2 protein chains.
Amino acid sequence: MKKVAVGQAGGPTAVINATLAGFVKEVERDHSLLFIKNGYEGLAKGSYYECDKEMLKSISLHRDVPGACLGSGRFPLTDDHIESGVRRLKKEGVDALVFIGGNGTMEALKKIDREAKKQQYPLQVLGLPKTVDNDLGETDHAPGFGSSARYVAQATRDMSRDLASMKNFEKVRVLETMGRNAGWLAAASGLLQQYDEEGPHVIAIPERPLKKETLLEGVTNALSRYGHATVVVSEGVTWSEGSQVQREIVDGRPVLGGISNEIAAFLKKECNVMTRAELLGMNQRSFSAVVSDIDREEAYTVGRVGAEWIRDGLSNVMVSITRHSHHRYTARMIPVQLEDVVKAGERVMPEQFIQNRKLYYEWLKPLIGEDVSIYPPPLKGDEVYVE
Amino acid sequence: MKKVAVGQAGGPTAVINATLAGFVKEVERDHSLLFIKNGYEGLAKGSYYECDKEMLKSISLHRDVPGACLGSGRFPLTDDHIESGVRRLKKEGVDALVFIGGNGTMEALKKIDREAKKQQYPLQVLGLPKTVDNDLGETDHAPGFGSSARYVAQATRDMSRDLASMKNFEKVRVLETMGRNAGWLAAASGLLQQYDEEGPHVIAIPERPLKKETLLEGVTNALSRYGHATVVVSEGVTWSEGSQVQREIVDGRPVLGGISNEIAAFLKKECNVMTRAELLGMNQRSFSAVVSDIDREEAYTVGRVGAEWIRDGLSNVMVSITRHSHHRYTARMIPVQLEDVVKAGERVMPEQFIQNRKLYYEWLKPLIGEDVSIYPPPLKGDEVYVE
């Protein structure tokens, strides 16, 4: 029997609690648990929840609830915090430390592993992946992304239909998705597009600095053909001459957002039409009503598999989702070294997906799950004019 | 057999096409149809779609698609437009004119009726209601509102859970809903709230000018009790000393929006915590994945009933939804005079609903439909601190 400490870190997803529930259900049979409160902060300050029946029941009930039920958040984890945090885990007799998180978390776990070795403390360290914007490396994708992609694709298609019917008043919408360094989510906005008239007509991703002339060409093209244009941009998009747009800096971390406003202002000026910017916002990571069924299932499985690896003694690894086949989607979970995840850094879209969006959508399609409705072509009637 | 012209006007809803589909399916059996393109603009300029099998099929396929498939939009309809529009309908041999719309539409129809009488032209005039923010009078509610309310309630609950888990980084969220003069949608944000810790902790509606001290008290209260606070405001909210916040004026019509930014800036300054403002945006009227089943059904029925009334010769009326019982929700459709709808003006929340939100939620509950998931209480563990 091991003593296992588990926490959630970083921005939550709509399925991060499913991973916790899967992990806890499987691990609590044979091991004792300690829950870390508010992510790294709990580790740094030594604040935990005890494991009792009520906790186990509550975590199980949170399986389909968005947000991180243990608390996650952001906390600037220093080397001192890591040193004292590890000492505290040792003192508590913790055998294994598990965090559900993204890039920052895998890096933190790697440092924690190093510190434990330094303290000659045999701590088992395991990372369970979560992401909204799919920027985590060494895995096909991570839980959370499929649901966000589904939300972005559905919202874009619906807003584009709405805009089409309003085109004598409002002609351009600029939608901003999450994605600080990677365009996976913004590019997902076109997944459900079936007809040229439907948006998105222009997609801008951080991997490609945005040229004003390219943007303008795409928009004026759509305006002249359809009378309306939908543009989708990642929050991390930069103008080809310029820098990222920041709203503010909190705890040394820039809060992005606002590029859609800049783009809308530019298009309004150039095209002289009513233009609206809109952030797709927090719904991207929290709107639980459209969670992808496959995403939820995989999130749970990632937790369950992590628990098995705790038993098996794997350490210094992250659970990675490996895709078996493109055609009939199947995946299995394999261990990857934390070191490799950290080295891979923030994962951007591969060139082949940027250059061939159809290829990207074939890859993406199974991740957004079932039951997405199909829309008919935009209505095209025979027009008559009465004098 | 009558010749019937039908159009959609104003901002669309996620179910405005269901009303069109219900109307067209029922009316096309016995009558001929002409479709008005882009709302009032089509009327003013005489641009229509002919009715053929393709059109009928397309409209039927659009039943569950957001946006107005005939085009709606905004168009400043002048007396000259009405005069020439009516003359054109007369020339075309149109017997009945039907618009799916809100307050502005019912007023326009009333004027059209007057103009037809002036031209000694026996035009049957019928209004089919639609609204997002429930500001249409002389009806219990109108199609479109239930789905928007559902969306707002779900998004608020989910964002509040997300915020709770991020509270060591971000503490206050200010969500802005539609509602220029009426607070129905903003107030709906609390419908699914089951626990005090869940947001919304403060709701601001246009019916009550917002006092800075009341807002601040609500937010600091929530911050001290739960460590986070969710505020929901209608776009039309005004400070108790001040005016509405406008983004711009298009065609003489102010585009509201931005009060959430003002409120967030105020709270950030007063409470000195990370605060985010977010517009719930176009999803409120277009996000079709969470449409209320009862709303969609009623939207369709409103169309079907309108078609029956065309046959029966009712004129100068709007289809009104009358609620039979609070306990087991049932409703029937009755005609109300367009004149009375116009006189009623923009319908704000009644005092009893403002003062007793529970009463409002009892009224609202059946309109948002089935299959809304229940969340467990926020996790409360026994905390332990390790030195």
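Biologist: How many residue pairs are in polar contact across the interface of chain B and chain A?

Modeller: This is a predicted model, where local features need pLDDT of at least 70, side-chain atom pairs count only at pLDDT 80 or more, and totals for chains, interfaces and linings use all residues. Residues are numbered from 1 along each chain as written, chains are lettered from A in written order, and side-chain values use heavy atoms, without hydrogens and water. A polar contact is a pair of N or O atoms within 3.5 Å; within protein, one must be able to donate a hydrogen and the other to accept it, and residues adjacent in sequence count only if both atoms are side-chain atoms. With both residues at pLDDT 80 or more, the rule finds 29 residue pairs.

Biologist: Which helix gives the largest share of the side of chain B that touches chain A?

Modeller: Helices are DSSP runs (H or I, at least four residues), numbered from the N terminus, and strands are E runs of at least two. The share is eight residues, and it comes from residues 145-165 of chain B, helix α6.

Biologist: Which residue of chain A meets K37(B) in a salt bridge?

Modeller: A salt bridge puts a side-chain nitrogen of Lys or Arg within 4 Å of a carboxyl oxygen of Asp or Glu. Between chain B and chain A the count is four. In one of them, N to O is 2.7 Å, and the partner of K37(B) is E383(A).

Biologist: Which strand of chain B is joined to β14 of chain A?

Modeller: Strands pair if DSSP finds at least two bridges between them. Here three bridges join β14 (residues 383-385) of chain A to an antiparallel strand. Y385(A) stands opposite S47(B). The strand, residues 47-50 of chain B, is β3.
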